[in-house]
Amino acid sequence: MTKKEWLACLEEMDHMFPDAHCELIHRNPFDLVIAVLLSAQCTDKLVNKVTANLFEKYHTPEDYLSVPLEELQQDIRSIGLFRNKAKNIQALSRILIEQHGGRVPEDRDLLMTLPGVGRKTANVVVSVAFNKPALAVDTHVERVSKRLGLCRWKDSPLQVEETIMKKTPAEDWSKTHHQIIFFGRYHCKAQNPGCHVCPLFDRCREGKKRDKKGLVKHDAVTEIN
């Protein structure tokens with residue numbers, strides 16, 4: 001897919017989801033770190049349900065260290081991998097206090113030194129909390145970019161990130177991240193992609209593949225002008 005074609009796809013996503021944004025509820029950068037950490041292999045909807053109570057109880061890194069690990073585990077028990085996530089929350093809270101004055105660093109590389117914070121989490125925090133150009137690759141971003149043919153099926157998340165950034169203006173990286181997520185979360189879903197009503201159908205590698213299998217109703221498909 002050429003840069004021009006990709007930008008046309010983004011323009012259409014913008015028409016579909018003009019208000020795309022981070023759906024993890026948070027009050028500050030520290031809350032966002034916790035929320036994104038909890039969202040690994042979990043839906044934003046469930047994370048927001050859990051953090052509604054969690055963020056009432058805990059406000060600072062010191063708060064998370066003031067309770068036994070077992071208590072924190074119970075507070076996030078409905079979240080997948082809750083035991084390991086609780087350990088990481090306390091570990092990163094301790095590092096923030098000891099090395100960063102209790103504040104979340106704005107640098108992505110520093111963020112990635114925190115327990116439980118990988119490149120995706122760091123990119124989300126840098127972009128959303130600090131309004132710096134960054135593009136996080138989650139399952140939606142990876143799936144959509146590969147289905148459309150922008151990236152290769154074998155590309156790693158890092159390669160996907162680099163490809164999207166190369167073909168997208170830097171000032172649009174953060175916006176693009178949210179647009180692709182909304183497109184993947186609410187339209188181009190993993191199990192039931194909306195190919196039959198998709199304005200990107202004629203540009204989509206996966207759509208053409210599904211079409212050959214007779215899974216697409218052509219009379220409902222629209223095209224990009």
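1. The span of residues 38–186 is 64% helix and 0% strand, with its end C-alpha atoms 21 Å apart; helices (H or I, at least four residues) and strands (E, at least two) are DSSP runs, numbered from the N terminus. The model is predicted: local features need pLDDT of at least 70 and side-chain atom pairs count only at pLDDT 80 or more, while totals for chains, interfaces and linings use all residues. Residues are numbered from 1 along each chain as its sequence is written, and side-chain values use heavy atoms, without hydrogens and water.

2. According to an unreviewed UniProt entry, residues 38–186 carry the annotation "domain: HhH-GPD"; such annotations may be inferred rather than shown by experiment.

3. The domain assignment, automatic or from a database, gives domain 1 (3–19 + 136–213) and domain 2 (29–130). Their centres, taken over C-alpha atoms, are separated by 28 Å.

4. Between these domains, nine residues of domain 1 are in contact with eight residues of domain 2 (heavy atoms within 4.5 Å). The buried area is about 600 Å², 50% of it from carbon and sulfur atoms; this is the accessible area (1.4 Å probe) lost on putting the two parts together, summed over both.

5. Three salt bridges are counted between domain 1 and domain 2 (a Lys or Arg side-chain nitrogen within 4 Å of an Asp or Glu carboxyl oxygen). Glu161 also forms a salt bridge with Arg119, the closest N and O atoms being 2.8 Å apart.

6. The structure holds zero disulfides (cysteine sulfur pairs within 2.5 Å). Cys151 is buried at 2% relative accessible area, and Cys204 counts as buried at 10% (under 20%, 1.4 Å probe, protein chains only).

Notes: Buried means under 20% relative accessible area, exposed over 50%, partly exposed in between (1.4 Å probe, protein chains only).
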